[in-house]
Amino acid sequence: MNKQSTTGGMSRRDFAKASAVAAGFAILSGKSGVAQDTVDTLKIGLIGCGGRGGGAVVNCLTGNDNVKFVAMADVFEDKLVARRNDLRNNKNPRVQPKIDIQDDLCFVGLDAFEKLLATDVDIVIHATPPYARPQHLEAIVAAGKHVFVEKPFAVDPVGIRRCIAAAKAAEEKGLRIVTGPQRRYQTSYMETVKRLQDGEIGQILAARAYWNGSLPFCNEREPQYSDLEYRFRNWYNYIWTCGDNIVEQHVHNLDVINWVLGEHPVSVVASGGRAWKPTEEKYGDIWDNFSCDYEYASGVHMLSMARHWNNSQNDVFEEVTGTKGKSDCRNLGKDSSDPYVNEHIALLQSIRGEREYINQGVQTAESTLTAIMGRMAAYTGKKITWDEAMNSDLSLVPTVLDFAQAYPVGPIPVPGA
Ligand SMILES: NC(=O)c1ccc[n+]([C@@H]2O[C@H](COP(=O)([O-])OP(=O)(O)OC[C@H]3O[C@@H](n4cnc5c(N)ncnc54)[C@H](O)[C@@H]3O)[C@@H](O)[C@H]2O)c1
């Protein structure tokens, strides 16, 4: 059986046990939250200053003391400035005193991430769209920074291999990597998954995972935008920037099933298409529906669906069926805290030696590849094995990113073509 990697140097069960010990995610310090400048004060920088990046900074500062948020990097100045203003105006007493953004540590442009990495920040929060993740994760690890890094990890197998190599390099350097699939830090899921792995519903025979939702966003092109600027500002609609909806969104649900089963799939057969999207630049080249039948080495099949359909029935869930019952992967536990805060408490506790070493890099790379192989199977109309996906030379991100160049959209994938 192909065992899924989870945390560097720990088996899945050891990690589950250690996580359960820490599942209370207590905010350790009883102090007011004011970051006194001590040797223990950890400096944090953000790369990708959008909605999630700003949210993750607030989550990190809410959950931890002796931290200071000091540096920001984004490809666009307006995005950085808007987020900087939001953060400076944050009135939460656990957050506000820890915001200490230095104007000379705010960087804009395609090389902004490199400039931020050259500063003395200790921890990076990485929340760009997925296309940039492999290049940036490599650079973050090379610069010796700990990182909270959002999902998905990449849009193609070449990017996944880069992320796996970066995760392994991080382990050699003792750098911590905590990743964005927050269900891994949601106590209802953590408790349930442990009980499922301990046999609560017997041997697991089948699984389902759905993200059937509506269109997340579709931004109009302004006359002054170059192709590249528009690809970035409307990133959810292009295959090379987001990986398609199965990768960008559904990775959360696929990650849960891989977690429960303790393995990744060995093959997938899939179909899908564009049921409603007009062929317009703003709707990009991604599909709006995927249905996949994943097979695991244990013989389990997972039915997966991912849709962007407005005015339709929305379902986002995971489910496993065993010889003794059924579970939605969270029903055997309780939600007792905010998973988006818990993941940052875990990161800081791990960095400070208050809990085990955490490196979820390979784990999230494998969950992302699970999504990518589903997309590859649907686009080609062919069964795709894990090994084919993992070894594929498919590389979608342009090697040169230049605001003066043309980046045409499409073609929209047609199976068999
Ligand atoms: N875990 C979760 O629940 C969750 C929720 C929302 C988003 N996300 C993930 O977070 C990521 C960002 O999503 P978002 O909603 O914040 O998007 P967003 O568009 O609001 O923010 C992305 C930001 O990254 C910037 N950016 C793009 N390319 C860059 C580059 N090369 N260098 C520096 N900055 C760059 C953009 O200008 C933008 O400000 C996505 O990967 C998404 O999947 C995760």
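Start by selecting Leu 215: leaving out residues up to four places away in sequence, Leu 215 touches His 308 and Asn 310. Two residues touch here if their C-beta atoms, placed from the backbone, lie within 7 Å. Before going on, note that this is a predicted model, where local features need pLDDT of at least 70, side-chain atom pairs count only at pLDDT 80 or more, and totals for chains, interfaces and linings use all residues. Residues are numbered from 1 along each chain as its sequence is written.

Stay on Leu 215 for a moment. You'll find Leu 215 in the loop between strand 7 (204-213) and helix 8 (227-233); helices (H or I, at least four residues) and strands (E, at least two) are DSSP runs, numbered from the N terminus. Leu 215 counts as partly exposed because it has 16 C-beta neighbours inside 10 Å. On that scale, 20 or more other C-beta atoms within 10 Å of a residue's own make it buried, 12 or fewer make it exposed, and partly exposed is in between, with C-beta atoms placed from the backbone. Now draw a distance from Leu 215 to Tyr 283: they are 68 residues apart in sequence, and 9.8 Å apart in space, C-alpha to C-alpha.

Next, colour by domain. The assignment, which is automatic or from a database, gives domain 1 (12-184 + 338-360) and domain 2 (186-334 + 366-391). Taken over C-alpha atoms, their centres are separated by 24 Å. The contact takes 22 residues from domain 1 and 28 residues from domain 2. On the side of domain 1 that touches domain 2, helix 1 (12-21) and helix 6 are the elements giving two or more residues. Helix 1 supplies the largest share of that side, four residues.

Which of its 107 residues touch the most other members? Select Val 57, Leu 116, Ile 125, Cys 163, Val 260 and Met 373. Helix 13 (residues 361-380) gives the most to this core, with 10 residues. Both domain 1 and domain 2 give residues to the core, so it lies between them. Zoom in on Ile 125: not counting residues up to four places away in sequence, Ile 125 touches Ile 44, Leu 46, Gly 53, Ala 56, Val 57, Cys 60 and Phe 148.

Helix 5 (residues 133-142) comes next, where Arg 133, Pro 134, His 136, Leu 137, Ile 140 and Val 141 are buried. They sit on the same side of helix 5 because they cover an arc of only 165 degrees around the axis, going by the directions from the helix axis to the C-beta atoms. Show strand 1 (42-47), helix 4, strand 4 (123-126), strand 5 (146-149) and helix 6 (157-173) too, as the buried residues of helix 5 pack against them. Just after helix 5, look for Gly 144, with a positive phi of about 80 degrees.

Last stop, the ligand. Of the 26 residues around the ligand, Gly 48, Gly 50, Arg 52, Lys 79 and Glu 150 come nearest; to be included, a residue needs its C-beta atom, placed from the backbone, within 6 Å. Helix 2 (51-63), strand 2 (67-74) and helix 4 (112-117) each give two or more residues to this shell. Helix 2 provides the largest share, three residues.

Methods:
A nonpolar core is a set of buried Ala, Val, Leu, Ile, Met, Phe, Trp, Tyr and Cys residues joined through C-beta atoms within 7 Å.
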